[in-house]
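Please look over the structure below, and then read the notes that follow, which are grouped by topic for a reader who has not seen it before.

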Amino acid sequence: MCQNIFNILKSQRFITNFNQSLKFITNYSNISSKGAMANLEKAKKLAAYQAVDNHIENGDIIGIGSGSTVIYVVERLAQRVQAEKLIISCVPTSFQARQLVIKHKLTLTNLDINPKLNVCIDGADEVDSNLNLIKGGGGCLLQEKVVASCADKLIIVADYTKNSCKLGDQYKKGIPIEVAPMAYVPIKRVLESKYKGQFVLRMAVNKAGPVVTDNGNFILDWKDFDQNLPWEQVNSEIMLIPGVVDTGLFIKMAHKAYFGMNDGTVAVQES
């Protein structure tokens, strides 16, 4: 009986030690994950600040992109307006961008008033070696492309995870294609007949049904695509399909890209 009690106590000590070790591993994993996220945020901030400092001048009309890195773009713009008394006006590309501009008390304008912009600063989901972009992960691709097309130059800001040799190397969520809701099934059939991969209707997270863009459209995400396609030609072909509003392929649009690196530097890629 004493031996049985000893074995039970030994087993309990093992379980206690195991649980303590598991707790340590979990805590370490959480700390590592938080550290990696902190590094990414620092990288985004570095890229955004340098782009704003290099490309924004007094009197500029600026396109304000969407996404997590653009938070730091608007933050730096507000700092420079305060410190240097810059006079600038901002054209937002989304509801989120508009709220950021308002929050930082910057001057809002729109394309009706200012159809020609000096510069547009935006993020990207992925940038390839030719400065072709995948954009639209946040669902704002149409407004982003319209605003970017009105600017003398499009400047991209991102962290090092967005810098790839080919589109699709790192970003696996697919190329967004914004479509009219009534046409998404016929468009999907045409795309599947022409190209390799899957065309998936993007579904909402906190509501039933599909994601609806700021413009009232649906999004098909093109996944598992052939990375060696001639993207300029493909983009033109897709745009000819009735019901396609626009694509998340930004081809030959970017002037320069700033990537915040893991070591605290900023890498610059030019067209």
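Tyr-195, Phe-199, Trp-222, Phe-225 and Trp-231 form one aromatic cluster, in a structure that holds 6 aromatic pairs. Rings of Phe, Tyr and Trp (its six-membered ring) pair if their centres lie within 6.5 Å, and planes under 30 degrees apart count as stacked, over 60 as edge-to-face and the rest as tilted. This is a predicted model, in which local features need pLDDT of at least 70 and side-chain atom pairs count only at pLDDT 80 or more, while totals for chains, interfaces and linings use all residues. Residues are numbered from 1 along each chain as its sequence is written, and side-chain values use heavy atoms, with hydrogens and water left out.

**Pairs within the cluster**

- Tyr-195 and Trp-222 make a tilted pair, with 5.1 Å from centre to centre and 45° between the planes.
- That pair links distant parts of the chain, 27 residues apart, since Tyr-195 lies in the loop between helix H5 (184–194) and strand E8 (198–201), whereas Trp-222 belongs to strand E9 (residues 218–223); helices (H or I, at least four residues) and strands (E, at least two) are DSSP runs, numbered from the N terminus.
- Phe-199 and Trp-222 form a stacked pair, because their ring centres are 5.2 Å apart and their planes are at 25°.
- This second pair also links distant parts of the chain, with Phe-199 in strand E8 and Trp-222 in strand E9, 23 residues apart.

**Burial of these rings**

- Tyr-195 is buried at a relative accessible area of 9%, where buried means under 20% relative accessible area, exposed over 50% and partly exposed in between (1.4 Å probe, protein chains only).
- Phe-199 has a relative accessible area of 2% and is buried, and Trp-222, at 0% relative accessibility, also counts as buried.

- Strand E7 (residues 175–179) is mostly covered, with 5 of its 5 residues buried.
- Ile-175, Ile-177 and Val-179 point one way from E7, while Pro-176 and Glu-178 point the other way, and all are buried.
- E7 and E9 run antiparallel and are joined by 5 bridges, with Val-179 standing opposite Phe-218 in E9; two strands pair if DSSP finds at least two bridges between them.
- E7 also pairs in the antiparallel sense with strand E10 (residues 244–247) over 3 bridges, and Thr-247 in E10 is the bridge partner of Ile-177.

**Charges over a ring**

- The charged end of Lys-135 sits over the ring of Phe-250, 5.5 Å from its centre, a description that requires NZ of Lys or CZ of Arg to be within 6 Å of the ring centre and within 35 degrees of the ring normal.
- The charged end of Lys-145 sits over the ring of Phe-250 as well, 5.0 Å from its centre.
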